[in-house]
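Thanks, everyone. I'll keep this brief. Please bring the structure up on your screens.

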Amino acid sequence: RCRRACRELRAAVGARRPVAVVYETDERRAGASVAELRADCLGCGDPRVAAAVPALFPTGADAARPGAPLPIAWYRERAYLDATLVALCERLRAAGVLEPGPAAGRRRAVAGGAGER
């Protein structure tokens, strides 16, 4: 179940795309812990992916650093979904992928996303 994370990270690193780590929390939907995802990406055999892991999956003092880009938990429960989406949008905006703009009547495509509607 973690191999997908390594494959996605390899594609993003290869395309030189900004990355925001979002992980599934529901084990029924192939969810994995951050530790499992980190270990999988470190062991995938691609040195570019391994080099990106400390920044994307910070641990110890790096994770405690203010502003550290911690992985975002994807919660499907309605009560948490909006907060998860806001955290993801804030991370993408900080990376320069999303630009602030009018919220109504306009949707922007996200790099690597499904496209515009």
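Start with the exposed side of helix 3. Pro47 and Ala51 are exposed there. Keep in mind that this is a predicted model.

Now turn to the other side. Which residues of helix 3 are buried? Within residues 47-56, they are Val49, Ala52, Val53 and Leu56. Around the axis they cover an arc of only 125°, so they sit on the same side of helix 3. What do these buried residues pack against? Helix 1, residues 3-14, and helix 2, residues 34-42.

One detail at the start of helix 3. A side-chain oxygen of aspartate 46 comes to within 2.9 Å of the backbone nitrogen of arginine 48.

Next, the two partners of helix 3. Helix 1 and helix 2 pack with their axes 8 Å apart, at an angle of about 60°. Angles from 65 to 115 degrees would count as roughly perpendicular, and those under 35 as roughly parallel. Helix 1 and helix 2 are therefore oblique to each other. Their crossing is right-handed. Which residues meet there? From helix 1, Arg3, Ala5, Cys6 and Leu9. From helix 2, Leu37, Asp40 and Cys41.

Last stop, the backbone. Most residues other than glycine have a negative phi. Arginine 16 has a positive one, near 55°. Where is arginine 16? In the loop between helix 1 and strand 1, which is 22-24. Is arginine 16 buried or exposed? Its relative accessibility is 77%, so arginine 16 counts as exposed; the cut-off for that is over 50%.

That's my tour. Over to you.

Key:
Residues numbered from 1 in each chain as written. Predicted model: local features only at pLDDT ≥ 70, side-chain atom pairs only at ≥ 80, totals over all residues. Heavy atoms only, no water. Buried < 20%, exposed > 50% of the residue type's maximum accessible area, 1.4 Å probe, protein only. Helix = DSSP H or I, 4+ residues; strand = E, 2+ residues; numbered from the N terminus. Arc of directions from axis to C-beta. Contact = heavy atoms within 4.5 Å. Polar contact = N/O pair within 3.5 Å; in protein donor to acceptor, adjacent residues only side chain to side chain. Axes fitted to C-alpha atoms, helices over the stretch in contact; angles between N-to-C directions. Parallel < 35°, antiparallel > 145°, perpendicular 65-115°, else oblique. Left-handed = near helix turned anticlockwise from the far one by under 90°.
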